[in-house]
Amino acid sequence: MRATKMAPRDQGAPDYTQYLHPMMAKNYGKWDTHDRLRPGVLCHTAENGDKLYTVRAGSTRTMSPAKIRQICNVADRFCRGYLRFTTRANIEFLLDNEDDLDPLIDAVENELGLPVGGTGPSVSNIAHTQGWLHCNLPSTDASGAVKALMDDLIDEFKREEFPNRVHLSTSCCQINCGSHADISVIVQHHHAPRINHDAMQICELPKVVAICPVAAIRPMVLESGKLSVDVVDEKCMYCGACHGQCPSMEIRDADTDTLSIWVGGKASSTRDGPALMKLAVWGLPNNPPRWPEVSIAVRKILQAYKEGGKPWERVGEWIERIGWQRFFEKTGFEFTKYHIEDGPDALSTFNRSSHVRI
Ligand code: SF4
Ligand code: SF4
């Protein structure tokens with residue numbers, strides 16, 4: 001018999017309206033203004049004068065159940081239990097009593113040990129990839145690199161001194177699920193995958209051949225008669241996508257993998273719209289536990305952006321205005337042949353004017 005009613009869903013995102021702070025639900029679609037009272041504190045005012053305050057704190061992203069219980073206890077005391085996590089793993093405590101702002105901030109900073117900030121033109125919490133917790137591909141520890149970097153940038157999280165907000169991300173492989181950001185730290189591989197022919201499962205052949213974006217993988221018959229695959233080195237761009245499909249193709253290499261920094265990405269539709277990132281630095285050592293070379297390079301970009309950016313310019317907009325040549329001059333990074341885009345889409349980004357911009 002055909003069902004006439006859809007069964008209740010037990011998967012996917014639940015209906016978010018059940019989690020809204022009561023004041024948010026009451027004034028849904030009727031908000032008038034919003035202000036930043038100080039770094040880390042927002043105030044939304046509704047048409048009827050209701051005020052909802054938000055205190056934003058940086059989280060460690062990877063947290064124990066005990067830590068999450070502590071955070072929820074603080075929300076129970078000051079926020080009627082309402083808090084939320086942003087896509088960059090900031091924690092936002094929502095409250096409607098202004099008198100509770102200072103006690104809440106004191107509890108967040110001194111009981112939970114979390115910094116308050118990340119609003120407006122500051123460095124927001126770093127978005128990073130799931131890494132070794134859930135993924136089989138990591139070539140570095142994204143969580144560790146984020147911890148080291150945020151320790152270095154904590155004052156920039158608490159202050160609002162940049163021309164516009166700065167989003168950072170880290171990714172532990174070139175697939176880059178940390179996604180686009182103003183400044184992004186991404187692992188780089190430097191050779192084609194090594195194939196373990198003994199472990200190669202024939203059932204995986206079609207998948208792994210199809211996954212290669214540059215058609216560098218082809219089927220091969222070994223001398224023993226066993227089916228396997230071969231990689232055309234000249235075609236391979238070391239992306240590692242095949243390793244995700246087939247564990248018999250190992251791309252990670254502790255001796256040669258390095259880190260790179262990309263700049264100028266954004267998802268926002270403001271002004272010129274969303275933008276892809278471009279390479280700024282490559283070949284930084286994958287140097288745990290503190291990755292100091294990465295922190296130094298990120299600091300150079302932030303310093304140059306802070307000094308040269310105009311109000312509201314994001315990192316990519318600042319670079320496009322001053323030109324990439326000046327970006328390399330101001331940051332002191334070396335410009336190499338690897339910075340020249342030579343892929344199939346390069347014609348759309350080359351400067352084809354007869355005027356040379358210097
Ligand atoms: S960036 Fe790569 S290795 Fe890291 S979690 Fe995402 S897919 Fe896995
Ligand atoms: S690393 Fe990337 S380009 Fe190279 S063979 Fe694998 S999928 Fe193809």
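Predicted model: local features only at pLDDT ≥ 70, side-chain atom pairs only at ≥ 80, totals over all residues.
Val221 stands opposite Leu227, a residue of strand 11. Strand 10 covers residues 217–221. Strand 11 covers residues 227–231. The two run antiparallel and pair over five bridges. Five residues lie between these strands. Among the residues of the hairpin, Gly225 takes a positive phi near 95 degrees.

Now step back to the whole chain. It is divided into three parts: domain 1 spans 17–111, domain 2 is built from 127–189 and 254–348, and domain 3 spans 194–250. How far apart are the centres of domain 1 and domain 2? Taken over C-alpha atoms, 29 Å separate them. The two domains do touch: seven residues of domain 1 are in contact with 10 residues of domain 2. On the domain 1 side of this contact, two residues are nonpolar, three are polar and two are charged.

Next come the ligands. Ligand 1 is surrounded by 14 residues.

Ligand 2 has 16 residues around it. Cys212, Cys236, Cys239 and Cys242 come nearest, along with Ala241. The shell of ligand 2 holds 15 nonpolar residues and one polar residue. Charged residues are absent from the ligand 2 shell as well.

Terms used
Residues numbered from 1 in each chain as written. Chains lettered and ligands numbered in written order. Near = placed C-beta within 6 Å. Nonpolar A, V, L, I, M, F, W, Y, C, P; charged D, E, K, R; others polar. Domains from an automatic or database assignment. Pairing = 2+ DSSP bridges. Helix = DSSP H or I, 4+ residues; strand = E, 2+ residues; numbered from the N terminus.
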